[in-house]
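A student wishes to learn how the features of a protein model are read.

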Amino acid sequence: MSPSLDLNFVRDQFPAFSEPSLNDFAHFENAGGSFPCKQCVDALTKFYRTTKVQPYYGFAPSSEAGDLMSSARVRLSEWLNVTPDEVHFSTSTSQNSYVIYNAFREYLSSGDEIVVTNQDHEANIGVWTRLETAGIIVKTWEVNKDTAELEIENLDAVLTDKTKFVAFTHCSNIVGSINPVKEWIKRIHSAGALAIVDGVSYAGHGFPNIGDIDADIYFFSMYKVYGPHLGIMYIKQALNEKLPSQGHFFNAKVPTSRFTPSGPDHAQIAAINGVIDYFDLVHAHHFAQFSKTVKTDDISKLFQDAEKINLEPLLDFLSQNTSIKIIGKNKTLMRAPTVSFISSKITPEHISKELAKKKIGIANGNCYAYRLMKAIGIEPDSGVARISFVHYTSSDEIEKLIIALDKII
């Protein structure tokens, strides 16, 4: 029998829930950035206090700093079920995708084809469309305009023997559906193409088991996974060796330096240890035994089961209001708790402002999914109201949100 999330234990790990200035504030904009766990905050503080020097030299603070950074890479790779040399750090996912774009610009040839979607965040669309200037043919895997979902039939319509890669999202930051990435990657690989997956809106609901889904490149952001403002990029070793290096020439044979032309803050890399400490602590609290290759799946199920309990009443409330249109599924199956909607009575901006008066934070606008807005007939400048929460959200906060929405809408 699967364990249930110990919410009190979890919330005790987040300073925000005991911070006086945040008293009675309900955070429903987690898709834009989650609260950091105390283990991350402590690790970041300790690094700045004791080891904020250039790392990897022989003197004590420097060597300790380097050990912490190396440990973060190794421990993160274990949770992702990949090797340490396949994990890369940068300032953001947008930065990582731009670096890889430059590598592909050198690697691909005029007439080659790539596929993007119109469901993704712009970071996993716009950067690839720039390849058109190098003669690359860009095709779009279109969403179903009625459901806003990606469907495998529409992928098959644009996939050819000239396709070099398909870039798509694990979970849309607007639609909220958790896409069947493992199934899609198999289809893409069978066509001889690479799979580039944006996992930014998925990773906060449990680390992705990248080794299992078999992506060639996978992006996500630590600041949406209870950590510092870093972008994480996985590149499969075989692809790393093929793509042209984008780093300093003398690092061209160093796997973790080939696609990091500008390194991120050392302290933030070290602070990833704090996030892993949190995941390890939560896992140990809920599970008696584990192996390194399955604890990622354990945590994902634990978090997602807890999220579904809170997601169901929210979806039910919104579904029953005839003035509301939910973007995406109105059921919890294969759905993250990122719920976007529009109202026929009130603008997304006004909903957000009225909720803010009640100390409830949500997002509004296109949330960088501009092309999706256009595809499903929503004015991008107005966009949607977006509610997003994670495993640490309480049922009391959900109730507060629903009561407030009921009065506003």
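What follows is a tutorial on a predicted model.

Q: How many helices and strands does the protein chain have?
A: Helices and strands are the elements into which the chain is divided. The protein chain here has 14 helices and 13 strands.

Q: What radius of gyration would a compact globule with 409 residues have, and what does the protein chain have?
A: The value of the chain is set beside the value for a globule with that number of residues. For 409 residues, a compact globule would have a radius of gyration near 22 Å; the protein chain has 21 Å, so the two agree. The box filled by the C-alpha atoms is roughly 60 × 55 × 40 Å along the principal axes.

Q: What share of the residues in the protein chain is buried?
A: A residue counts as buried under 20% relative accessible area and as exposed over 50%, with partly exposed in between. By that reading, 56% of the 409 residues in the protein chain are buried.

Q: Among contacts between residues at least 6 apart in sequence, what percentage join residues at least 24 apart?
A: Contacts may be sorted by separation in sequence. In this protein chain, 68% of the contacts between residues at least 6 apart join residues at least 24 apart.

Q: Is I360 buried or exposed, and which residues does I360 touch?
A: One reads the accessibility, then the neighbours. I360 has 2% relative accessibility and therefore counts as buried. This residue lies in strand β11, residues 360–361. Leaving out residues up to four places away in sequence, I360 touches F25, A26, F28, L355, K400, L401 and A404. Separation in sequence and distance in space can also be read side by side: I360 and H350 are 10 residues apart in sequence, and their C-alpha atoms are 13 Å apart.

Q: Where does S90 lie, and which residues does S90 touch?
A: S90 lies in strand β2, residues 87–90. Its relative accessible area is 4%, so S90 is buried. Beyond residues up to four places away in sequence, the contacts of S90 are Q95, N96, L230, G231 and P264.

Q: Why can side chains pair, and how many salt bridges are counted?
A: Side chains of opposite charge can pair when their charged atoms come close. The count in this model comes to 16 salt bridges. One of them joins the side chains of D280 and R75, at 3.2 Å from N to O. D280 lies in helix α10 (residues 266–286) and R75 in helix α3 (residues 60–80), so this pair ties together parts that are 205 residues apart in sequence. D280 is partly exposed, at 24% relative accessibility. Salt bridges can also share residues: R75, D277, D280 and K295 are linked in a network.

Q: Which parts of the chain does the pair of R371 and E122 link?
A: The side chains of R371 and E122 meet in a salt bridge of 2.7 Å, N to O. The pair links distant parts of the chain, with R371 in helix α13 (residues 370–375) and E122 in the loop between β3 (113–117) and α5 (126–129), 249 residues apart. Both count as partly exposed, because R371 has 34% relative accessibility and E122 has 25%.

Q: Are K236 and D216 buried or exposed?
A: K236 and D216 form a salt bridge at 3.3 Å, N to O. K236 lies in the loop between β8 (231–235) and α9 (237–242), and D216 in the loop between α8 (210–213) and β7 (217–221), so the pair ties together parts 20 residues apart in sequence. Both K236 and D216 are buried.

Conventions: Residues numbered from 1 in each chain as written. Predicted model: local features only at pLDDT ≥ 70, side-chain atom pairs only at ≥ 80, totals over all residues. Heavy atoms only, no water. Helix = DSSP H or I, 4+ residues; strand = E, 2+ residues; numbered from the N terminus. Buried < 20%, exposed > 50% of the residue type's maximum accessible area, 1.4 Å probe, protein only. Contact = heavy atoms within 4.5 Å. Salt bridge = Lys/Arg side-chain N within 4 Å of Asp/Glu carboxyl O. Rg over C-alpha atoms; globule rule 2.2 N^0.38 Å.
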